[in-house]
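Hello,

Here is the structure I promised to pass on to you. Have a look at it first, and then read on for what turned up.

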Amino acid sequence: VAAAGIRQVDRLVAEDAYFRGSPYNPHWQWEDVQAAYGAPANSLIFEENSIPFTLFSQTVGQPLRLEWQDAAEAKLWQVDNQTITVAEGEPEFIEVERSLSQPILTVRGQLIAGSLPETTAVAEVNPAQRFVDRLEQALATVGVQVGDTKIVAESVELANAVEIAAIESPSLAELIAVVNQESNNLYAEALLRSMGAAIDPNHPSSATAGLEAVQQALTELGVDPSSYNLSDGSGLSRLNAISPEALVQTLQAMAQSPLGDIYLDSLPLAGETGTLRYRFVDTPASGNVRAKTGTINGVSALSGYIYPDTGRALVFSIVVNYADRSVEVQREAIDAIVLQLLRLQSCPV
């Protein structure tokens with residue numbers, strides 16, 4: 001904008017209209033919508049619609065020190081700091097809660113004195129306004145002054161409008177890699193809505209239109225529609241349900257797809273990348289298993305491809321449901337099964 005010689009914008013209008021319908025899934029739980037992993041998926045997204053901060057231990061008995069990643073946030077938030085620094089041997093935990101109507105942050109928990117800092121984040125409640133505020137600040141830094149600002153929820157028709165600047169999106173392969181490698185929920189929700197908006201731009205819910213498109217695609221791949229129920233793009237909704245068989249059918253279909261290599265590369269590699277970088281380290285599975293994790297309360301899953309010594313890829317899906325054990329115990333059991341699968345050998349003829 002500055003390079004185009006513009007020094008004054010009388011009125012800045014931001015369209016938060018490409019994704020239609022709610023930026024939240026109505027079945028997400030209360031704690032989900034407060035956390036960064038449950039950030040709203042609207043049309044104007046800035047820094048993944050999350051607000052990160054770091055907690056630092058101090059001397060024993062003192063509260064943890066909170067430091068915002070963006071120092072400007074300190075002026076916007078009221079922080080109720082209920083944390084404490086504890087001595088060696090005490091448990092460590094952090095709990096974060098925010099108001100959904102006011103910028104009030106409550107932090108509870110404890111860290112051991114001298115321990116590494118803990119970085120966490122909360123979801124932005126009004127992402128469109130934050131986007132506009134940051135855009136206005138960015139324009140000001142390059143000498144472009146902005147007059148009035150307005151956020152609209154419908155597309156604005158402009159006669160004889162001239163495009164001044166545009167940003168090209170990363171490729172779909174790059175975006176899917178972020179979803180699968182890091183289990184990025186916001187990317188998943190945004191991709192779902194992008195698909196819905198592209199297929200049916202007038203649908204009252206881009207998310208619903210996206211889910212309909214996903215089901216149609218899975219049916220064309222040969223996945224039984226009765227074997228799963230999709231409620232969102234990220235998996236946070238407790239209404240999501242899927243059988244291991246449906247996951248295996250999907251993985252088999254993707255392995256045979258012309259885009260199979262791109263999909264395979266998007267999955268974490270055991271012991272090396274993504275959500276599996278710290279799992280299977282120093283085991284035969286390291287560098288030999290590509291799989292996607294899945295975790296919510298009481299549920300742990302791992303589905304993907306194993307490459308045993310038989311020379312043929314093996315598709316697998318392991319889902320633990322209604323577990324009353326810790327996530328660590330669930331994962332240990334899943335990983336033990338995977339290691340056993342790696343010992344498979346071809347049957348003699």
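Which residues of α6 are buried? They are Ala246, Val248, Thr250, Leu251, Ala253 and Met254. Please keep in mind that this is a predicted model.

The partners of these buried α6 residues come from several elements: they pack against the helices α5 (206-221) and α7 (260-266), and against the strands β10 (241-242), β12 (299-306) and β13 (314-320). Helix α6 itself covers residues 244-255, and its length agrees with expectation, because twelve residues at 1.5 Å a residue should span 16 Å and the end C-alpha atoms are 16 Å apart.

Now for the whole chain. The protein chain has eight helices and 13 strands, and its C-alpha trace spans about 80 × 60 × 35 Å along the principal axes. Of its 349 residues, 36% count as buried. The accessible surface comes to about 19900 Å², with 53% of that belonging to carbon and sulfur atoms. As for charges, there are 20 positive and 43 negative ones, and their mean positions lie 2 Å apart.

Phe19 counts as buried because its relative accessibility is 12%. Another pair, Phe53 with Trp68, is edge-to-face, at 5.3 Å centre to centre and 65° between the planes. Phe53 sits in strand β2 (residues 50-56) and Trp68 in strand β3 (residues 65-68), 15 residues apart.

Enjoy exploring!

Conventions: Residues numbered from 1 in each chain as written. Predicted model: local features only at pLDDT ≥ 70, side-chain atom pairs only at ≥ 80, totals over all residues. Heavy atoms only, no water. Helix = DSSP H or I, 4+ residues; strand = E, 2+ residues; numbered from the N terminus. Expected span 1.5 Å × (residues − 1). Buried < 20%, exposed > 50% of the residue type's maximum accessible area, 1.4 Å probe, protein only. Contact = heavy atoms within 4.5 Å. Areas by Shrake-Rupley, 256 points an atom, 1.4 Å probe, with all protein chains shown as cover. Lys, Arg positive; Asp, Glu negative; His and termini not counted. Charge placed at Lys NZ, Arg CZ, Asp CG, Glu CD. Phe/Tyr/Trp six-rings, centres within 6.5 Å; stacked < 30°, edge-to-face > 60°.
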